[in-house]
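Dear colleague,

I am handing over the structure below, and after it I set out what was found in it. Please read the notes with the coordinates open beside you.

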Amino acid sequence: MTKKPEPSYREISDQLDAVLARLQQPDIQVDDAVRLYEEGLALAAALEKHLQLAENTIRKLKAVDSGS
Amino acid sequence: MNDDLAFSVSEFVAILNQTLEFAYPSVVVTGEIANFRVSKNRWVYFDLKDEGATVRFFGTVYQLPGPLEDGMMLAVRGTPKLHPLYGFSVNIMAMRPVGQGSIKKAAALLQAKLEAEGLFDPLRKRSLPYPPKRVGLVTSAESAAYRDFVKVLGARWGGLEIVLFDVQVQGEVAPAQITAAIQQANQLAEPLDVLVVTRGGGSAEDLQAFSTEQVTRAVAASRIPTLVAIGHEVDISLAELAADQRASTPSNAAELLVPDRKALLAQLPAYKRQLEQAALQVCEYAQRQLTQHRLTLHDRTELVLTRATQQLHARTQLLAAYDPQAALRRGYALVQADGALVRSGKQLAPGAGLAITLTDAQVTATVKQVTMNKG
């Protein structure tokens, strides 16, 4: 059993783009729109987490480097 | 007359040549060139003269240090010979221009010739690998140039492999040795990254080997990129012109070849700051994009809902138009008989019971009379 690798920022970002594109389709149903909205918010939150982590890592590396 | 040695002409030529060979197997004669000419692209004839005498010389074009002209001073090493048909001449073994004027003149002639061939064309110049790993060095192991080069190289950058080709950098054998070293360097099984040819300062004569046709062509033909540094800043040899890069001195060659470790270390903090800035900028950009995406997500979802609401509203209105209560409110009534809606007077007869629905009441009535409309 191999664990599925964590999706990359790019992959999640692409998924969010896909959600946004589907929301623009003329025949989109309300139920679907609500579900997509929820999904989009979750993807945005995941991206936010990625970014936070990246910025923290950069600052941490800088702190380690300055300390050396 | 009887005591004299007597010979036939041929015998005399033979005995004289033997004597010359014994007494002067090789001589060096210096003088001004006159009557210089090349025959059949192969044979070279000229005279060397001074105020008092003229001597003929004979050799091949392969021995020429470069193009020569009448009036130049030349030192020629050769063997004196009395030719059975053409008389006395010195058969050339080697020759080189002497004196500032002649050396410069010879170099100028050769430079013009090689220039015309394109050996100094800037388009031929390749860039040197920076920094290189394996460096070929053609110079004299005894020289200050060698020591300076290695010292500066070591002070600036470490871990270089230097393959030394120890050659004489001046004198008659220098051009051949330098040429052979350049060719040998190009044939090593493990290739060199760059080939440095260098020597320190000296008189124009000392530096002459590096302006010979032989060495200049070898430098131009090198498959390994070349860095040539001969003499001081003001000296420019033809080998330098043919090189991919020229340096003013041996130390300068080392400076051009590798970066200065200390200078790089000093730049490091600035690079780190740039790196960090760049990384954070990527994050910031992504953050802005994400914010924009969130807004778009919200807007698009809201648009779907707004559209659905509008559609619902339109349908509600349509529905309202069909609402029977609305008709009742305007004064119409629903008439039913026996539980069915009365649409025609034919359904009724006097005495039948009616159930009438008004907007605010249920009325029970009895039919008195039915008169059908005409037409």
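**Aromatic contacts in chain B**

Ring pairs join B:F36, B:F46 and B:F57 into a cluster. Please bear in mind throughout that this is a predicted model. When the whole structure is searched, five aromatic pairs are found over all chains. In one of them, the ring centres of B:F36 and B:F46 are 6.0 Å apart and the planes stand at 20°, which is under the 30 degrees required, so this pair counts as stacked. Because B:F36 belongs to strand β1 (residues 27-39) of chain B and B:F46 to strand β2 (residues 43-49) of chain B, the pair ties together parts that are ten residues apart in sequence. B:F46 itself is buried, its relative accessible area being 2%.

Another pair is formed by B:W43 and B:F58, whose ring centres lie 5.7 Å apart with the planes at 25°, so this pair is stacked. Here B:W43 sits in strand β2 of chain B and B:F58 in strand β3 (residues 54-60) of chain B, so that parts 15 residues apart in sequence are tied together.

**The largest pocket**

The largest pocket has a volume of about 740 Å³. It is lined by 34 residues, of which B:Q63, B:L64, B:P65, B:M95 and B:Q214 are the closest to its centre. At least two lining residues come from each of β1, β4 (73-83), β5 (87-97), α4 (174-185) and α5 (213-221) of chain B, and β5(B) gives the most, with five residues. Sorted by class, the lining of this pocket holds 19 nonpolar, seven polar and eight charged residues.

**Chain A**

For chain A, the secondary structure amounts to two helices and zero strands. Chain A has 68 residues, and 24% of them count as buried. Its accessible surface comes to about 5,100 Å², with 56% of that area belonging to carbon and sulfur atoms.

With best regards

Key. Residues numbered from 1 in each chain as written. Chains lettered and ligands numbered in written order. Predicted model: local features only at pLDDT ≥ 70, side-chain atom pairs only at ≥ 80, totals over all residues. Heavy atoms only, no water. Phe/Tyr/Trp six-rings, centres within 6.5 Å; stacked < 30°, edge-to-face > 60°. Helix = DSSP H or I, 4+ residues; strand = E, 2+ residues; numbered from the N terminus. Buried < 20%, exposed > 50% of the residue type's maximum accessible area, 1.4 Å probe, protein only. 1 Å grid on protein atoms, 1.4 Å probe; cavity = no way out; pocket = protein on both sides within 12 Å on 5 of 7 lines; lining within 4 Å. Points joined across faces, edges and corners; volume = space filled by probe spheres on them. Nonpolar A, V, L, I, M, F, W, Y, C, P; charged D, E, K, R; others polar. Areas by Shrake-Rupley, 256 points an atom, 1.4 Å probe, with all protein chains shown as cover.
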